[in-house]
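User: Hi, I'm new to this one and would like a quick tour. Can you show it to me?
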Amino acid sequence: MAATGAGSPGRLVQYVVVRTDLVHQLSWPLGAVITQACHAATAAIHLHYRDPETQQYLEELDSMHKVVLGAPDEAALSNLSETLTKAGVAHKLWIEQPENVPTCLALKPCAKETVQPLLRKFKLFK
């Protein structure tokens with residue numbers, strides 16, 4: 001089975017949304033923030049491992065597509081999690097322990113066009 005092209009309908013993507021204030025205002029080391037994103041992405045894959053889209057995403061191991069977006073702060077991240085929950089979009093809100101701080105969230109792999117409208121206000125993480 002050929003991998004789906006970048007512009008093809010149905011392209012599976014895993015979105016990760018990371019709080020930008022962790023780096024820019026709270027001075028977290030960049031490596032620590034990247035680690036948060038890795039935790040969330042791995043947790044979302046684990047939680048939805050048996051989902052057919054997750055399985056398809058993993059079958060195309062060498063052509064996985066992730067998009068990392070930035071949320072300005074904890075409130076924006078929490079609001080996004082609520083919006084995704086209400087829309088029935090499976091995701092994992094990563095809460096760093098023992099601090100109990102929401103740092104990022106990751107959606108399960110899904111078709112880009114199904115979730116992009118919910119993520120429009122978030123820009124690429126910088």
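Analyst: A term to begin with: strands here are DSSP runs of E with at least two residues, while helices are runs of H or I with at least four, and both are numbered from the N terminus. With that in hand, E96 sits in strand β3, which covers residues 91–96. Keep in mind that this is a predicted model.

User: Ok, let's stay on E96 for a bit. Is E96 buried or exposed?
Analyst: Buried: the relative accessible area of E96 is 18%, and the cut-off for buried is under 20%.

User: And what does E96 touch?
Analyst: Setting aside residues up to four places away in sequence, E96 touches Q36, H39, V101 and T103.

User: How far is E96 from K66?
Analyst: Their C-alpha atoms are separated by 21 Å, and the two residues are 30 apart along the chain.

User: Let's zoom out. How many helices and strands are there in the protein chain?
Analyst: The protein chain has 5 helices and 6 strands. Read from the N terminus, the order is β-α-α-α-β-α-β-β-β-α-β.

User: How compact is the protein chain?
Analyst: It is as compact as a globular protein of that length, because its radius of gyration is 14 Å, close to the 14 Å that the globule rule gives for 126 residues. Along the principal axes, the C-alpha atoms fill a box of roughly 45 × 25 × 25 Å.

User: What share of the residues is buried?
Analyst: Buried residues are 38% of the 126 in the protein chain.

User: Now the inside. Which residues touch the most other members of the largest nonpolar core?
Analyst: Those are Y15, V17, L107 and L119, in a core of 17 residues. The elements giving two or more residues to this core are β1 (12–19), β2 (66–71), α4 (74–86), β4 (101–107) and α5 (112–119). Of these, α4 gives the most, with 4 residues.

User: Pick one of those residues. What does L107 touch?
Analyst: Leaving out residues up to four places away in sequence, L107 touches Q14, Y15, A44, L84, V89, A90, H91, V115 and L119. There is also a second, separate core of 10 residues, and V33, A41, C104 and A106 are among its members.

User: You mentioned α4. What about S81?
Analyst: S81 is in helix α4. With a relative accessible area of 10%, S81 is buried. Beyond its neighbours within four places in sequence, S81 is in contact with H91, L93 and L105.

User: Switching to loops. Where does D51 lie?
Analyst: D51 lies in the loop between α2 (30–47) and α3 (52–59). D51 counts as partly exposed, at 22% relative accessibility. The C-alpha atoms of D51 and A90 are separated by 10 Å, though these residues are 39 apart along the chain.

User: What is the phi of S27?
Analyst: It's positive, about 60°, although S27 is not a glycine. S27 is in the loop between α1 (21–24) and α2, and at 58% relative accessibility S27 counts as exposed.

User: Last one: where is K126?
Analyst: K126 is in the segment after β6 (123–124). K126 is exposed, with a relative accessible area of 78%.

Terms used. Residues numbered from 1 in each chain as written. Predicted model: local features only at pLDDT ≥ 70, side-chain atom pairs only at ≥ 80, totals over all residues. Heavy atoms only, no water. Core = buried A, V, L, I, M, F, W, Y, C linked by side-chain atoms within 4.5 Å. Buried < 20%, exposed > 50% of the residue type's maximum accessible area, 1.4 Å probe, protein only. Contact = heavy atoms within 4.5 Å. Rg over C-alpha atoms; globule rule 2.2 N^0.38 Å.
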